[in-house]
Amino acid sequence: MSPSIPLQEMIRAIRSARTQCEERGVIQRECAAIRAQFRQSDNDGRSHNLAKLLYVHMLGYPAHFGQMECVRMIASPRYSEKRVGYLGAMMLLDEKQDASLLITNSIKNDLSHSSQYVQSLALCTLACIGSAEMCKDLAPEIERLLRASNSYIKKKAALCAIYIVRKVPDLWELFAPTARSLLSEKHHGVLHGAVVLITVLCECNPETLKRFRKAVPDLVHIMKGLVTSSYSPEHDVAGISDPFLQVRILRLLRILGHNNEAASDTMNDLLAQVATNTDSTKTVGNAVLYETVLTVLDIKSESGLRILAVNILGRFLLNNDRNIRYIAMTSLQKIVGTDNIAVQRHRGTIVDCLKDPDASVKRRALDLSLALVSASNIRSMMKELLAFLSSCPPELRAEAASGIFHAAERYAPSQRWHIDTILHVLTMAGGDVRDETVPNLILLITNASELHRYTVHKLYRALLADISQTHYTFCTQLYTFYGCLQQPLVQVACWCIGEYGDLLLGGECQEMEPIEVTADSVLDALETVLQSHMSTPATRGFALTATMKLSTRINDNVDRIRSIVSIYGSCTDVELQQRAVEYNALFRKYDHMRAAVLERMPVIERNSPGHTNGDSMGGVIREMEVGKVKPKEALLPQQPANQICDLLDLLGHSEGSVQADTVLVQPINTAKPAGGDLLDLLGGFEPTPLAPAPAVTVYEKNGVTLTLSCEKHSDSSLTVTLKGSNSSDSDIASFALQAAVPKSVHLHMKAPSGNALPARGFAQVTQLVLLNNPNKVNLKMRIRISYSSQGSSIQDTVQIDSFPGLS
């Protein structure tokens, strides 16, 4: 092959190669010829040879020997050679190679060239391979070009300045004044570069936010011009005037309006205009609308504007494009905690997305549906979620079951409904539920004493159905995931039969259709569970214990129970063998104690009502655990998550990140046991409890008064009592308190005494807050107060830097 062949012929020869070996030979011969011509001083085809070498580099073959040729061609006075030389530098060089430093002076000279195209080549190369040292050396030249009269050069200089600021953030002060002046340009390319440059400056250094917030009116003016401008073929895309610039301006407005009321008020009207006038039938319009929604939700916008933004996301849910539906649900998931009422309006559309064939959309719809469950819609939403659980893919079944458990525990309208719902889930997805489901359900059943007969009958029938379905599936050789025993369901059923077997055999349940239940049928079911190879060791343990407990619940079949138990005295499973041996000992040696040992379990006290079967929804607000109550003391009603919660990052200026950690606090039992305290040998030396400090008023507005008092228990623990009262002439509803403390302080909020403040101080709401400060840090607390008065929602925040009686 002749080394002087054109680039097109070399490409044709490479493509015509039949094997990789033949292609490699063609490239090696051509590279050898190119290398030889690079050594010649009077080479007229330098740009031609370098172009061929760049094509070889694009194919993945070594081309590093052309780096110095790129440096020489950049220094050439001919534009054709400069162009190929700069292109080769951007492809063959990077900031880690020493050869890149050799072109610094050439770039500096070309930045002052009389031709705008040569200047453009230098700007593009610096923005591609410029190192930190090159950026520092050439930054003044870039700032000079930003003030040039040529719009083409200013656009390229703005893009290069963006690269320099990201590479060397300390240079932001050099470009900040010039970037502000670029907003007065008419050229869309310059405006686009200026907006992106200001965005990067604000992201790299928060100090620039105050400076550029003064430019919000200018950005609003530019955006209004784009929205109301007539048709312009140069910038029109599917009927939208320069949507790329609109999106960039909206992103910058989102940054400038975040946590700033003045800037947010300036852009509210503009955002409403964009949201109502943008065409949503085209993808381009949806892109602008989506950025508008994100901006509205991130700034301090008006409530009506936020509702409009949520409605736009609701329309996105009806779009045929799955990607648009996905991003709509992702955005709604982020705001459901703050704008729950607005999102609830689109609950029907969100639930319909559970039937979407796309797995990603279905998962997002599940998360959002679970977040929308509340006390007012628990029954209707649970029907939809249970219908979804029956047909959802296996990878979503565990998440759906956990979410249903969590929602049922928080918002169950009655204990019977709660039990029915959990049993329904266990029947459909028993193998996918989490391990803590069984003890939680047992705890629920134990405390519902009036439903014991109903529950044991329902569980017995569910156990029979599960056993018969498993047997049928196994016999027809269709053993699948759904054919195995639902272990959690079987375990709860065995426990309940063992505890309340006398109720199962003592008569029919009025709420259910009558069936014949005999002692033999119950023992047959338990024995089937014990003998099934599908039962886990834990399930067999439940069944064996239930069988043993039935020996005191029924008068007949005790010999059969003894024989069943004795079989497992030689079981290979150590746990099951130990139980069987101990139960056999009860029959043989301690039969007189068997009735007392196997009597019904007492009512189990709930230590943590806030504990759920699944992950907490949202991830922002987690429910606090209520302390253990005393015996014979009624459980306090569980409060919604928006009333008992911790405020994350509420004390942003305090040391460390803010977090309210939960602690289990047990009430101090002041009653002395019979016989006296053995540790108090001398008696009479109990420390006198400290008297609580007088209450101080920490909040007083709109007739609502909040007082605070403290009671110190030790050097590190204290109890804060918050009392709210209402002196106005109208009742206060939805009264709730939230608190946050520094991370090292443990906070535990008790359930409030109520959520309503009657008019004229008729009653008070009391909230106890337990604080533990083991590191003895400077104690601070921020309290968020929310309530509804005369149809309007009010929310205030008060910070407490000193506590009475702790100085």
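Glu261, Asp265, Asp269 and Glu302 cluster on the surface as a patch of negative charge. In this assignment, Asp and Glu count as negative and Lys and Arg as positive, while His and the chain ends are not counted. The place of each charge is taken as CG of Asp, CD of Glu, NZ of Lys or CZ of Arg. Patches consist of residues with over 30% relative accessible area and no salt bridge, with like charges joined within 9 Å and nonpolar side chains (Val, Leu, Ile, Met, Phe, Trp, Tyr) within 5 Å. The structure is a predicted model, in which local features need pLDDT of at least 70 and side-chain atom pairs count only at pLDDT 80 or more, whereas totals for chains, interfaces and linings use all residues. Residues are numbered from 1 along each chain as its sequence is written, and side-chain values use heavy atoms, with hydrogens and water left out.

Helices (H or I, at least four residues) and strands (E, at least two) are DSSP runs numbered from the N terminus. Glu302 has a relative accessible area of 49% and is partly exposed, a class lying between buried (under 20%) and exposed (over 50%), with a 1.4 Å probe and protein chains only. A nonpolar surface patch is formed by Tyr590, Met593 and Val597, which together have about 270 Å² of accessible area. Accessible areas come from the Shrake-Rupley method with a 1.4 Å probe, and for residues only the protein chains shown count as cover. Met593, in the loop between helix H31 (574–588) and helix H32 (594–597), is partly exposed at a relative accessible area of 38%.

The structure contains 26 salt bridges, each defined as a side-chain nitrogen of Lys or Arg within 4 Å of a carboxyl oxygen of Asp or Glu. One of them joins the side chains of Lys52 and Glu30 (2.5 Å, N to O). This pair connects distant parts of the chain, with Lys52 in helix H3 (residues 46–58) and Glu30 in helix H2 (residues 20–38), 22 residues apart. Lys52 is buried at 0% relative accessibility, and Glu30 is buried at 1%. Arg72 and Glu69 also meet in a salt bridge (2.7 Å, N to O); both residues belong to helix H4 (residues 67–74) and are three residues apart, about one turn of the helix. Arg72 is partly exposed at 42% relative accessibility, whereas Glu69 is buried at 2%.

In a further salt bridge, the closest N and O atoms of Arg254 and Glu291 are 3.2 Å apart. Arg254 lies in helix H14 (residues 243–257) and Glu291 in helix H16, so the pair ties together parts 37 residues apart in sequence. Both Arg254 and Glu291 are buried. Asp520, Asp524, Glu527 and Arg560 are linked in a salt-bridge network.

Helix H11 (residues 188–204) comprises 17 residues and spans 24 Å from its first C-alpha to its last, close to the expected 24 Å at 1.5 Å a residue. The expected span is 1.5 Å times one less than the number of residues. Of the 17 residues of H11, 14 are buried, so the helix is largely enclosed by the rest of the structure.

Most residues other than glycine have a negative phi. Asn259, however, has a positive phi of about 60 degrees; this residue is in the loop between H14 and helix H15 (261–277) and is exposed at 53% relative accessible area. Ser734 likewise has a positive phi, near 55 degrees. Ser734 is placed in strand E6 (residues 732–740) and is partly exposed, with a relative accessible area of 45%.
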